[in-house]
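Me: Please take a close look at one part, the shell around the ligand. Which element gives the most to that shell?

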Amino acid sequence: MVACQLPLTLIIAGLYLAAPGAWPQLLDSSLFLSALVLHTVLLLACLTVPWQRFGPLAPLIVPVVDLLVIGLTRAANIENLPDPGVLSVLPVVWISASRLSSRASISLSFAGTLLAGLPYVFAPGPAPAQVRLAGVLLLPLMMLAVSLAMRSARAQLRNQQSRTASKETELQALLADSRDRERLLNTILDTVDVGIVAVDAEGHRLLTNSWQSQLEASAARSGVADTIAPEAAEDVPVLTGQDGQTPLPHGRRPIRRALKGESFADYLVYFGEAPAGRVLSTGGRPLKNDDGGFRGAVIVFNEVTGLVEALAAKEDVVSTVSHEFRTPLTSIIGNLDLVLGDAEDLAAPALRRIEVAQRNAERLLALVSDLLLSANSAVHVFPRRTDLASLVEASLGSAHAHAESSKVALSMDVPAPLWAHVDPLRISQALDNLVSNAIKYSPDGGSVRISASTENGWVRLQVVDDGMGMTAADAGRVFTRFFRSPAVREGSIPGAGLGLSITKAIVEGHGGSISCTTLPGCGSTFTLELPAEGPPPAF
Ligand code: ADP
């Protein structure tokens, strides 16, 4: 309150001090002196009265009485003294900025100034009455304008404040929401059994979940990374390639790959030194800005040690068992061959039984060979210039008996010779698989056709049948080991589900590809792409 009152106090004090030199009559004016006393009392009241106790509007008494102080000073009517009425702007600003309603504060500003001007109309002095009246009326109108301007500025300020307040409330709600989401995300990140790392474009860690921290800590415990900060843990030479021993080159480490903007999945790396190393299947995806720029990457580490060990153990068993089966089976087949060599000593029923035993022993040997081949992850091929046409012919020839008994017609549309850069033994095996499948899965007879052509350095070979075909879902899995379609299982058509996976491995071993198009009930087409080769040089 004192701060509000101070400007007027200073001006009145200034008038008082300047009066002896500038306006000596001022000190003789009883009106000015009473104004002076009144203002001093008000100033003391501002200092001493506990205004808050009397309600929020009580302090407004001060500016109202100030208007009276100004009116009295004005009524002193001192010659050469600028009209003190303009000082009314000070109490009017005070009233307009108060908590009074707009209407009340505007009315009070106008009426207060008008009433405080009345003593001036009737005070003695040279000015004519009309001039005084005009002066007395003009001032309240000016104060009305000041009050209106103040109130409208105040209203605008209020609006602004309430908008800011509602924005702030909205922001607080958003902040609380984002904190909730962050908590949820952190809980999820720490609950999952995979390691998750996020890095920015420079490779600085943005996030490492607890699984990943534990993994990195375990590497640190192994002693290799004692002095290395967790964020550099990937730089420790504990990441090795597929053999579990050769350190992974820098650029091939999952985080480095992701930082190069690569997107990958199922990338196997070994963490920690063999034999205690852990196998991790890793995946990475780049993080993009709003404008599509690279801003970092997310890398996921999934431990598959158990799975890899189980697979290795399974393949070991399959390979050992198949190996162990082969020797006695070869001996059985050899002996049966010997017995059949002296067939004239045998009675017809015994001969038939031995022939059945020989056929089944040969089937068993073929199955064991397939198992052995599929247990070895890499199929070795030795490609050379080969005439595919003669391989196709041989394959159809050996399938002839099978086709005849199943009432399937075989045909080929292959230009001869058809040169390709392939391993003849392996490709014969692949062709035999495809042809025998085509016949086997045409239970109601039909036709099987092999066609071939050369284009852009590749031989395109197709084995087409019009047999039972497959659903799209089955077709997507035919090259998976041990897969057999439900229809085939139900129909009790014999097989182990290995032929196509071996065929695929053989074709891919040549750098080629194999695909299948099929429709249930309409047959299947298997298409092979193999590297073509020019004809041999003429002699
Ligand atoms: P197998 O024939 O010993 O079962 P394959 O790996 O050769 O094993 O084939 C896998 C499965 O693919 C088969 O069991 C069968 O369901 C399906 N399949 C393969 N070739 C054909 C074909 N020509 N027509 C229909 N289904 C086929």
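Reply: Helices (H or I, at least four residues) and strands (E, at least two) are DSSP runs, numbered from the N terminus. By that count, helix 13 gives the most to the shell around the ligand, with three residues.

First, the ground rules. This is a predicted model, so local features need pLDDT of at least 70 and side-chain atom pairs pLDDT 80 or more, while totals for chains, interfaces and linings use all residues. Numbering runs from 1 along each chain as its sequence is written, and side-chain values use heavy atoms, without hydrogens or water.

The shell holds 20 residues around the ligand (a heavy atom within 4 Å). N437, Y441, R484, S485 and L500 come nearest. By class, the shell has ten nonpolar, seven polar and three charged residues. Asp, Glu, Lys and Arg count as charged; Ala, Val, Leu, Ile, Met, Phe, Trp, Tyr, Cys and Pro as nonpolar; the others, Gly among them, as polar.

How much of the ligand's accessible area does the protein cover? The protein covers 97% of the 530 Å² that the ligand has on its own (Shrake-Rupley, 1.4 Å probe).

Next, the elements behind this shell. Helix 13 (424–440), helix 16 (499–509) and strand 13 (523–531) are those that give two or more residues.

Step back to the chain. The domain assignment lists domain 1 (2–162), domain 2 (195–303), domain 3 (309–375) and domain 4 (384–531). Such bounds are automatic or from a database. Domain 1 and domain 4 have C-alpha centres 109 Å apart.

Two backbone details are worth a check. Most residues other than glycine have a negative phi, and most peptide bonds are trans. A416 and P417 are joined by a cis peptide bond, with omega about -5 degrees. P417 is in the loop between strand 8 (408–413) and strand 9 (419–422). N77 is not a glycine, yet its phi is positive, about 55 degrees. The loop between helix 3 (61–75) and helix 4 (89–96) holds N77.
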